[in-house]
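Here's a quick briefing to read alongside the model. Have the sequence and the 3D view open, and we'll go from the overall picture down to single side chains.

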Amino acid sequence: MMLRGTSCALARSFRANLKYPSLVSYNKLPWEVVSHDSTKLHMHLAPNYEQLLTLAAVTDVPHLALASHLIVPEAERLRVMPGVVYLLGGQAAHENPSSFTAYRIADPTSLQYYGRIHHNLAPIRRVDMCTSADLRLLCLAMHFDGVLTNTSAGSTLDGVTTASQEGHFSLFYFFRPNRPANELTQPFEKFYQHRPSLASLDAFNAASPGKAESWTPVLQAPRRTAEKARLTPAEPYRPPQNYLMGLAERLGVRPGNAFGRRSLMWGTWF
């Protein structure tokens, strides 16, 4: 009887031991996964949002602007919706998708990464995190009040803002929770310009045809006025990336391997 109680106590302590778990999942490493509640999600998505809005202001991006929210059946939602990005304007702007619960993001640490978008491209009204009923699909909704940058005629951003009198529009991005950063930013790779635009050079040649042949570029420090320097947002804080314990891919906890300490690829320093 005493032996049975001892074995039960050992099994209970072994099961509750979280520092040295008996089962390690190598497909979902905690340092490679980005949580939707952390500031790292906005740190990875903000540069891609800025590039997307910059591209939509100068050209017509196909299949980006929609008239209303996508209607996807419940059975197909988890297969179709992750990675979908679209803009909404007019009456559908500033309205979150139905059957999603919206939470307001008011953390200044998370919103600091959208400072350049707010000051240079489009003022942000609010940022919402929408979750589905089964918590398996998330949507980051950004609602804007008009456009600050110059939009080209026929561009996507120009068509979206002219649909409503106030110029309101919203940007929606659907993704799955607890995914690595490269999977979160992969849908935005198709919005990057891989070919330079020579429209500014053509306009310069048309304005001064005689000066175009003899003109040479001069590199000089940009001069900003006090008002412009005050409106320029500060650079967002990026946490330092160090590799003091070696690369994270080599630090998987495996029993019998001294928990990764003796197999570091950079050697030991103590």
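A residue counts as exposed when its relative accessible area is over 50%, as buried when that area is under 20%, and as partly exposed in between. Glu74 has 53% relative accessibility, so Glu74 falls in the exposed class. Keep in mind that this is a predicted model. The chain contains 10 helices and eight strands, and buried residues account for 31% of its 270 residues.

**Overall numbers**

- The chain's accessible surface is about 18,200 Å², with 56% of that belonging to carbon and sulfur atoms.
- Take the contacts between residues at least 6 apart in sequence: 70% of them join residues at least 24 apart.

**The sheet**

- Six strands make up an open sheet with mixed pairing, and the order reads β2-β3-β7-β6-β5-β4.
- The edge positions go to β2 (65-66) and β4; each has a single partner strand, so one side of each has no neighbour in the sheet.
- β3 and β7 run antiparallel and are joined by five bridges. Within this pair, Val85 sits opposite Tyr173 of β7.
- β5 and β6 are also antiparallel, with seven bridges between them. One of the bridge pairs here is Thr131 with Leu138 of β6.
- On its other pairing, β5 meets β4 (residues 101-104) in the antiparallel sense through four bridges.
- How much of β5 is buried? Six of its eight residues are, so the rest of the structure largely encloses this strand.

**The nonpolar cores**

- The largest nonpolar core has 37 residues, and Tyr49, Leu140 and Phe144 touch the most other members.
- Elements that each supply at least two residues of this core are α2 (40-58), β3 (85-89), α5 (115-121), β5 (124-131), β6 (138-145), α6 (156-161) and β7 (168-175).
- Which element gives the most to this core? That's α2, with 10 residues.
- Helix α2 lies across β3, β5, β6 and β7, and runs at about 130° to β7.
- Leaving out residues up to four places away in sequence, Tyr49 touches Tyr114, Ile117, Leu140, Met142, Leu171, Tyr173 and Phe188. Leu140 is on that list and is also one of the residues that touch the most other core members.
- There's a second, separate core of 13 residues; among them are Met81, Ala92, Cys139 and Phe174.

**Salt bridges**

- The count of salt bridges comes to six. Three of the pairs are worth a look here.
- Arg77 and Glu74 form a salt bridge, with their closest N and O atoms 3.1 Å apart. Both belong to helix α3 (residues 74-80) and are three residues apart, about one turn of the helix.
- Is Arg77 buried or exposed? At 13% relative accessibility, Arg77 counts as buried, whereas Glu74, at 53%, counts as exposed.
- Asp145 and Arg125 bring their side chains together in a salt bridge, at 2.7 Å from N to O. Asp145 is in strand β6 and Arg125 in strand β5, so this pair ties together parts 20 residues apart in sequence.
- Asp145 counts as partly exposed, at 23% relative accessibility. Arg125 counts as partly exposed too, at 44%.
- Asp128 makes a salt bridge with Arg126, with 2.8 Å between the closest N and O atoms.
- In that pair, Asp128 is buried, with a relative accessible area of 3%, while Arg126 is partly exposed at 21%.

Key:
Residues numbered from 1 in each chain as written. Predicted model: local features only at pLDDT ≥ 70, side-chain atom pairs only at ≥ 80, totals over all residues. Heavy atoms only, no water. Core = buried A, V, L, I, M, F, W, Y, C linked by side-chain atoms within 4.5 Å. Buried < 20%, exposed > 50% of the residue type's maximum accessible area, 1.4 Å probe, protein only. Contact = heavy atoms within 4.5 Å. Pairing = 2+ DSSP bridges. Axes fitted to C-alpha atoms, helices over the stretch in contact; angles between N-to-C directions. Areas by Shrake-Rupley, 256 points an atom, 1.4 Å probe, with all protein chains shown as cover. Salt bridge = Lys/Arg side-chain N within 4 Å of Asp/Glu carboxyl O.
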